[in-house]
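Got your viewer open and ready? Let's take a walk through this model, one selection at a time.

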Amino acid sequence: MTNVAVILAGGMGTRVGGNTPKQLLPLSDGRSVLEHSVDAFEAASCIDEIVIVMHPEWMKEAEELCRRNTWRKVRQIIAGGSERWESSWHAIQAFSGQLSDISLWLHDAARPFVSQRILADVAKALETHAAVTVGVPVTDTLYKVRRDDVRGTKEVETIPSRADFMRAQTPQAFHLDVLKEAFERALAQGQVAVTDDVGIVQAYMPEQSIFIVSGEEANRKITYAEDL
């Protein structure tokens with residue numbers, strides 16, 4: 001099976017602040033968040049190709065990063081959509097003529113610290129599962145809240161068991177034909193109201209089981225300026 005890593009760098013990262021997308025901001029070593037993310041998949045023996053999905057206004061910057069680095073696996077840079085699911089759909093369409101024997105790995109560019117262990121475990125899981133995600137146990141107490149939209153307040157309704165929940169990470173990997181079918185079902189209904197690719201498969205292809213690989217706390221997502 002050909003494993004294709006799709007680095008989703010199409011967002012603007014407004015919660016970080018400033019005018020530059022967070023995936024192009026430098027970490028402490030001077031290399032950008034995006035470079036670290038691509039580096040991880042470039043180094044993974046289980047990954048055959050890399051595709052970068054970039055915000056249309058920052059395509060030239062992504063091209064410059066590719067020129068500066070010695071990445072051998074980056075095959076193309078494609079424009080992202082206005083929402084995450086649109087960026088994933090653009091990547092799916094780029095391979096729509098090659099459905100057999102391809103797995104697509106969707107990874108947030110804002111998770112630059114994904115480990116080689118996680119990537120190896122995802123590749124192993126794809127040998128026996130058509131849909132694989134990464135998750136870590138919830139360690140904080142969770143509140144299910146009751147909202148009062150009139151007063152603009154929230155109250156604790158129930159406190160569910162943490163054992164029933166995990167926090168989602170990426171990559172999320174799928175046999176391409178499964179992911180494409182789930183997206184087509186979603187689009188046929190006229191809207192996609194989920195936040196990631198596992199959500200689309202779970203909502204629109206409920207018959208498909210989704211295997212969870214153990215993630216790591218280090219595989220965190222850069223969201224705010226202090227995360228940098």
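**Before you click**

You're looking at a predicted model, where local features need pLDDT of at least 70 and side-chain atom pairs count only at pLDDT 80 or more, while totals for chains, interfaces and linings use all residues. Residues are numbered from 1 along each chain as its sequence is written, and side-chain values use heavy atoms, with hydrogens and water left out.

**Stop 1: the sheet**

Switch to cartoon view and find the strands. Helices (H or I, at least four residues) and strands (E, at least two) are DSSP runs, numbered from the N terminus. Seven strands make an open sheet with mixed pairing, in the order β3-β2-β1-β4-β8-β5-β9. β3 and β9 are at the edges with a single partner strand each, so one side of each has no neighbour in the sheet. On average, neighbouring strands here are turned by 25° against each other, direction ignored. Two strands count as paired if DSSP finds at least two bridges between them.

Now select residues 131-137, which is strand β5. How many of its seven residues are buried? Six of them are, so to speak, under cover; buried means under 20% relative accessible area, exposed means over 50%, and partly exposed is in between (1.4 Å probe, protein chains only).

Look for Val132, which sits opposite Ala173 in β8.

Next, jump to β2 and β3. These two pair in the parallel sense over five bridges, and Ile52 has Ile77 in β3 as its bridge partner.

**Stop 2**

(Axes are lines fitted to C-alpha atoms, for helices over the stretch in contact, and angles run from 0 to 180 degrees between N-to-C directions.)

Select residues 59-68 and colour Met59, Ala62 and Leu65: these residues of α2 are buried. They cover an arc of only 120° around the axis, which puts them on the same side of α2; the arc is that of the directions from the helix axis to the C-beta atoms. What does the face turned away from the buried side carry? There you'll find the exposed residues Lys60, Arg67 and Arg68.

The buried residues of α2 pack against α1 (33-43), β2 (49-54) and β3 (74-79). Click on α1 while you're here: nine of its eleven residues are buried, including Val33, His36 and Phe41.

**Stop 3**

Select residues 176-188 for α5, along with α3 (residues 84-94). They pack at an angle of about 130°, with their axes 11 Å apart. That makes α3 and α5 oblique to each other; angles under 35 degrees count as roughly parallel, over 145 as roughly antiparallel, 65 to 115 as roughly perpendicular and the rest as oblique. Among the residues making this contact are Trp85 and Trp89 of α3 and Phe183 and Leu187 of α5. Contact means heavy atoms within 4.5 Å.

Now bring in α6 (residues 197-204), which packs with α5 at an angle of about 70°, the axes being 9 Å apart. That makes α5 roughly perpendicular to α6. Leu179 and Ala182 are among the α5 residues that meet α6, where the partners include Ile200 and Tyr204.

**Stop 4**

Start with Arg185 in α5. This residue is partly exposed, with a relative accessible area of 29%. Leaving aside neighbours within four places in sequence, Arg185 is in contact with Tyr204, Met205 and Glu207. The C-alpha atoms of Arg185 and Tyr204 are 6.2 Å apart, although 19 residues separate them along the chain.

Next, pick Asp108 in strand β4. Is Asp108 buried or exposed? It's buried, with a relative accessible area of 8%. Beyond neighbours within four places in sequence, the contacts of Asp108 are Leu8, Ser37, Arg84, Thr170 and Lys221.

Finish at Pro171, in strand β8. The peptide bond from Thr170 to Pro171 is cis, with omega near 15°.
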